Amino acid sequence: NYYWGNPRRESSLVERLPCINALEKYKPRIVIASWIPNDANYIGEDVLNFPSVEYFINIQHDGLTLKAEDAAKTFKLESARLENVEKYGICRADYHCIQPHTEVVLVRKPSMQIMF
């Protein structure tokens, strides 16, 4: 989404699209996000409200970034920490092998049942 606008990545291969435009263009079932700022909580809402999205994986830092489990509660969705994945994450606040801060959260929409 280029929310933070890092000038060192001007030649990035990442397509420059606002979140909602990317969702509309690609209609993904799974969205993976990382380090979404707290004040950009609309990104989590856009993802969780989008019809094609079934899973949202958010790499986050408690207190500094969007908390996916809070967004899940708002929309009454299931969420779970992916601790086996977290052990591979490193953020700028982590202390190697001492105090990790990286959290990985999976939000899943409930399966839709077909009624006859």
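**Figure 1. The polar contact between Glu86 and Arg81.** In this predicted model, the side chains of Glu86 and Arg81 make a polar contact at 2.6 Å. The two side chains also meet in a salt bridge, with N to O at 2.6 Å. Glu86 belongs to helix α4, which covers residues 83-86. With a relative accessible area of 10%, Glu86 is buried because this value falls under 20%. Arg81, by contrast, counts as partly exposed at 40% relative accessibility. When neighbours within four places in sequence are set aside, Glu86 is in contact with Arg81, Thr102, Glu103 and Val104.

**Figure 2. The open sheet of 4 strands.** The strands of this sheet follow the order β1-β2-β4-β3, and their pairing is mixed. Strands β1 (30-34) and β3 (78-81) stand at the edges; each has a single partner strand, so one side of each is left without a neighbour in the sheet. On average, neighbouring strands of the sheet are turned by 20° against each other, direction ignored.

**Figure 3. The pairing of β1 with β2.** Strand β2 comprises residues 55-61 and pairs with β1 in the parallel sense. Their pairing extends over 5 bridges. Within β2, Asn58 is the bridge partner of Ala33.

**Figure 4. The salt bridge between Arg29 and Glu54.** The structure holds 5 salt bridges. In one of them, the side chains of Arg29 and Glu54 meet at 3.1 Å, N to O. This pair links distant parts of the chain, 25 residues apart. Arg29 is in the loop between α1 (19-26) and β1, whereas Glu54 is in the loop between α2 (42-49) and β2. Arg29 counts as partly exposed at 48% relative accessibility, and Glu54 is partly exposed with a relative accessible area of 33%.

**Figure 5. The salt bridge between Arg108 and Glu78.** The closest N and O atoms of Arg108 and Glu78 are 2.7 Å apart, and the two residues form a salt bridge. Here too, distant parts of the chain are linked: Arg108 lies in strand β4 (residues 102-108) and Glu78 in strand β3, 30 residues apart. Arg108 is partly exposed, with a relative accessible area of 25%. Glu78 is likewise partly exposed, with a relative accessible area of 41%.

**Figure 6. The network of Lys67, Glu69 and Glu103.** Salt bridges link Lys67, Glu69 and Glu103 in a network. Side chains of opposite charge can pair when their charged atoms come close. Glu103 is also among the residues in contact with Glu86.

Technical notes: Residues numbered from 1 in each chain as written. Predicted model: local features only at pLDDT ≥ 70, side-chain atom pairs only at ≥ 80, totals over all residues. Heavy atoms only, no water. Helix = DSSP H or I, 4+ residues; strand = E, 2+ residues; numbered from the N terminus. Buried < 20%, exposed > 50% of the residue type's maximum accessible area, 1.4 Å probe, protein only. Polar contact = N/O pair within 3.5 Å; in protein donor to acceptor, adjacent residues only side chain to side chain. Contact = heavy atoms within 4.5 Å. Pairing = 2+ DSSP bridges. Axes fitted to C-alpha atoms, helices over the stretch in contact; angles between N-to-C directions. Salt bridge = Lys/Arg side-chain N within 4 Å of Asp/Glu carboxyl O.
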